[in-house]
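Hi everyone, thanks for coming.

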Amino acid sequence: MTESSALSVAAGSSHATGADIRPTAVEVELAAVVDNARTIAQFTGTRVCAVVKADAYGHGAPMVAAALEDAGVVDRFAVSLVEEGLQLREAGLRAPVLVMGPSQAGGVDAMVAAGLTPVMSAAADLGELGQVASRRGRAIAVHLKVDTGMSRIGVQPAEVPAVVERARACGVRVVGAMTHLADADVDDPADRDSPTWRQLAAFEPAIAAMRAAGAPIEVVHAANSSGAMLFPPARGGMVRVGLALYGNGSWATDHGLPQPRRQALRFVTRIVQLRRVEAGARIGYGGLYTTTRPSVLGVLPVGYADGLPRRVTGHGQVIVAGRRCPTLGAVSMDMVVVDVTDLPGVAIGDVAVVLGSGRGRYGQDHIAVAELAAWTGLTEYEVTCGISKRVPRLAT
């Protein structure tokens with residue numbers, strides 16, 4: 001959208017939306033997410049649980065989940081919060097949804113009413129689960145999380161038999177067994193004494209103990225994205241993938257894995273002002289950059305309140321007209337300045353790609369989530385989850 005068309009929308013319609021007016025947006029290629037899920041299922045040979053917590057890692061949970069469900073490429077979804085699960089149901093999603101986080105107190109009745117599956121990660125969870133089961137007059141199906149070495153949440157392996165027996169007495173059916181791998185993204189799969197292998201070794205007897213205690217286990221799952229890619233024994237009957245689902249993670253390049261995945265997210269904005277300054281001009285808060293030549297500066301309406309981390313200051317680049325342009329000076333809350341001096345014909349309204357590919361006439365260069373993470377010292381998770389809600393998500 002050009003500067004003039006944005007103004008006409010704002011002036012001519014009382015129903016303009018942020019997506020109509022703002023030149024800054026996240027474009028999500030839903031076909032890429034579907035293809036990634038299909039590739040992961042083929043590579044692992046298992047069912048896939050799509051992790052769509054934190055608004056699908058910043059990609060827009062309702063539309064991502066709907067695309068995956070419509071394509072029939074995943075078995076179920078996983079979220080962290082009760083509210084996230086309810087959002088999926090309100091959006092019309094019918095597939096099973098696991099609620100994995102520990103903050104479920106007061107939400108069991110709502111989960112059961114919406115057909116969500118709680119993950120029980122402490123014996124204390126049985127209090128509310130049992131009360132709701134008794135009041136509703138029917139058993140509640142749950143997945144039991146075992147702490148195999150992450151020391152965060154989960155029932156200790158030695159406690160598993162007693163918890164399963166108590167659950168049955170409370171009207172709670174343990175139908176799934178799960179754990180979470182703490183180091184699969186950094187461990188060497190060839191090192192059988194690594195923390196990941198030790199966690200998997202601790203999980204096996206816990207699964208057997210659940211079954212011996214009478215739990216009708218229907219699915220076993222331990223592997224997150226890195227576990228699914230690198231540790232075949234972690235795959236069980238289902239893998240829980242988030243980062244890989246969205247085309248991120250460096251496993252393919254680091255380990256020569258065959259699966260093709262592509263980044264689904266493209267974070268774009270447009271140049272809204274052009275300024276000419278002389279050599280010696282100090283740029284932005286604190287004057288952290290001083291021009292060394294007469295320069296043309298492009299002002300982009302994207303800043304740390306949108307999800308372009310302030311840590312990009314001094315390191316960042318964007319793609320304009322197929323070429324990389326450095327950011328200059330501090331990233332502000334609402335804007336950043338880029339050096340477009342070397343771009344002939346640069347104009348207000350030109351697209352600037354913060355993440356993703358330039359596409360078409362904007363060129364084939366690509367800024368990966370991992371690259372922006374490296375500039376900032378953040379993780380890939382933080383980069384996409386950190387894109388603000390004020391940035392419209394657009395399906396492409």
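What you see is a predicted model, where local features need pLDDT of at least 70 and side-chain atom pairs count only at pLDDT 80 or more, while totals for chains, interfaces and linings use all residues. Residues are numbered from 1 along each chain as its sequence is written, and side-chain values use heavy atoms, with hydrogens and water left out.

Let's start with the cysteines. Cys49 counts as buried because its relative accessibility is 0%. Cys170, at 26%, counts as partly exposed. How many disulfides does the structure hold? The number is 0, taking a disulfide as a pair of cysteine sulfur atoms within 2.5 Å. For Cys49, the nearest cysteine sulfur belongs to Cys385 and is 16 Å away.

Now to the interior. By a nonpolar core I mean a set of buried Ala, Val, Leu, Ile, Met, Phe, Trp, Tyr and Cys residues joined through side-chain atoms within 4.5 Å. The largest one has 118 residues, and Val52, Leu68, Phe77 and Met210 touch the most other members. Which helix gives the most to this core? That is α10, with 7 residues. When I say helix or strand, I mean DSSP runs (H or I of at least four residues for helices, E of at least two for strands), numbered from the N terminus. There is also a second, separate core of 6 residues, including Ala281, Ile283, Leu297 and Leu328.

Let's zoom in on Phe77. Leaving out neighbours within four places in sequence, its contacts (heavy atoms within 4.5 Å) include Cys49, Val52, Leu68, Glu69 and Leu88.

Leu68 takes us to helix α5, residues 61-71, where the buried residues are Ala61, Val64, Ala65, Ala67, Leu68 and Glu69. What covers them? Among the covering elements are β1 (25-28), α3 (30-44), β2 (47-51), α4, β3 (76-79) and α6 (82-90). After α5 comes Gly72, with a positive phi near 65°.

Ala54 lies in helix α4, residues 53-58, and is partly exposed because its relative accessible area is 35%. Ala321 sits in the loop between β15 (317-320) and β16 (323-328), and its relative accessible area of 46% makes it partly exposed.

Back to α10, residues 195-212, and its partner α9, residues 160-169. Their axes come within 9 Å and cross at roughly 35°. Here the axes are lines fitted to C-alpha atoms, for helices over the stretch in contact, and angles run from 0 to 180 degrees between N-to-C directions. On the α9 side, Val160, Pro161 and Val164 make the contact, and on the α10 side Ala206, Ala209 and Met210 do.

One last stop: Asn224, in the loop between β8 (219-221) and α11 (225-230). Is Asn224 buried or exposed? At 15% relative accessibility, Asn224 counts as buried. Not counting residues up to four places away in sequence, Asn224 touches His180, Leu181, Ala184, Arg240 and Val241.

Methods: Buried < 20%, exposed > 50% of the residue type's maximum accessible area, 1.4 Å probe, protein only.
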